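Hi,

Here is the structure I promised to pass on. Have a look at it first, and then read my notes below.

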Amino acid sequence: MSRAAQQQPPAARPTLEAVAARAGVGRGTVSRVVNGSSKVSAKARAAVEQAIAELGYVPNQAARSLVTSRTDAVALVIPESVAKLSSEPYFSDIITGVSAELADSDLQLLLVLVRDEHERERLSRYLTARRVDGVLLVSVHQDDPLPELLERLELPAVLGGRRSEQETLSYVHADNAGGARAAVRHLLSRGRTTIGTVTGPLDIEGAAARLAGYRQALAEAAVPADEGLVAHGDFTERGGREGMRELLARRPGLDAVFCASDLMAAGALQALREAGRRVPQDVAVVGFDDSVVARHTEPPLTSVRQPIEETGRLMVRSLLKEIAQPGRFRRQTVLPTELVVRESS
């Protein structure tokens, strides 16, 4: 290659003005076509699109963002540790549903973990600066300030779960109480009389609802409440193992346990084996989620199925509508659950 060829400047990038001249329309018409406006005639749109194709015009994303106040990015925020993200199938299923629903859009997905106060403050600054068009927030804890910040910023947001029954933001979640009732009714129908439970963290509304459903099913069957049959866990395998040991120490005669997640149920199975209890002959076990864990325990686990991937998809659909209609679209969706019976009960 000659020295002159090496020093030759690159070809100028086609401009909006060049597209307008080629299409025979004004610069504003080209801008409206590029930004997806419907206020353009079919004839003008066709001319602009042909000119864009002929010139190889690529919109300047930074300039476009200044005009439209759009970043073409959404954040999936998970306020949990990396260890919890990697160990709980719930999160991988949510991410699968969210990414699948966004696949055909032009939006970029940002995954944000919030593990401590420093990261929460950094995310708050990021959101306040409007660096994303909307937020998907899962694993919502009652004392988490992020939902309140999202409301104050009037930033489009959809929760996976909710803070309470009075939630004001859009959300998608499963019928947690109904699923727990179905699980306990199933155990009662199998002749179990002393049914314990290992809860999830009760500052998460879904975990509190599962405990409420457990209590409702026992009350409906006129089974006296016994707080000695309630152990508090954290949705982890270790929490289920320790909760089961606690229940066995307090109520050695129990014959069934409902665990508020499959991971905790897997831990409960370990504790029962350690104690020499057979499942389901001595103690029946039911989990919640119907995750991949439920199909690979020994014995396979009866579990309440919640549509986790569908939750992620519906969260995205709701968020896209909120982004398209700021301040005018709110949707709160409760998805049904289903009891899947296997050998553990």
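At what angle do the axes of helix α7 and helix α14 cross? Roughly 40°, and the axes come within 7 Å. Keep in mind that this is a predicted model. With anything from 65 to 115 degrees counted as roughly perpendicular and under 35 as roughly parallel, α7 and α14 are therefore oblique to each other. The crossing of α7 past α14 is right-handed.

As for who meets whom, α7 (residues 89-102) brings Tyr90, Asp93, Ile94, Thr96, Gly97, Val98, Ala100, Glu101 and Leu102. From α14 (residues 308-324) come Ile308, Glu309, Thr311, Gly312, Arg313, Val316 and Arg317. Sorted by class, that contact has seven nonpolar, four polar and five charged residues.

The other helix pair I looked at is α2 (residues 16-23) with α3 (residues 27-34), packed at about 105° with the axes 8 Å apart. That angle makes α2 roughly perpendicular to α3. Leu16, Glu17, Val19 and Ala20 of α2 meet Arg27, Val30, Ser31 and Val34 of α3.

Leaving out residues up to four places away in sequence, valine 286 touches Ala183, His186, Leu187, Val257, Phe258, Cys259, Thr302, Ser303, Leu339 and Ser345. Glutamate 117, by contrast, is 35 Å from valine 286, C-alpha to C-alpha, and 169 residues away in sequence.

Cheers

Methods: Residues are numbered from 1 along each chain as its sequence is written. This is a predicted model: local features need pLDDT of at least 70, side-chain atom pairs count only at pLDDT 80 or more; totals for chains, interfaces and linings use all residues. Side-chain values use heavy atoms; hydrogens and water are left out. Contact means heavy atoms within 4.5 Å. Axes are lines fitted to C-alpha atoms, for helices over the stretch in contact, and angles run from 0 to 180 degrees between N-to-C directions. Helices (H or I, at least four residues) and strands (E, at least two) are DSSP runs, numbered from the N terminus. Angles under 35 degrees count as roughly parallel, over 145 as roughly antiparallel, 65 to 115 as roughly perpendicular and the rest as oblique. A crossing is left-handed if the near helix is turned anticlockwise from the far one by less than a right angle, and right-handed if clockwise. Ala, Val, Leu, Ile, Met, Phe, Trp, Tyr, Cys and Pro count as nonpolar, Asp, Glu, Lys and Arg as charged, and the others, Gly among them, as polar.
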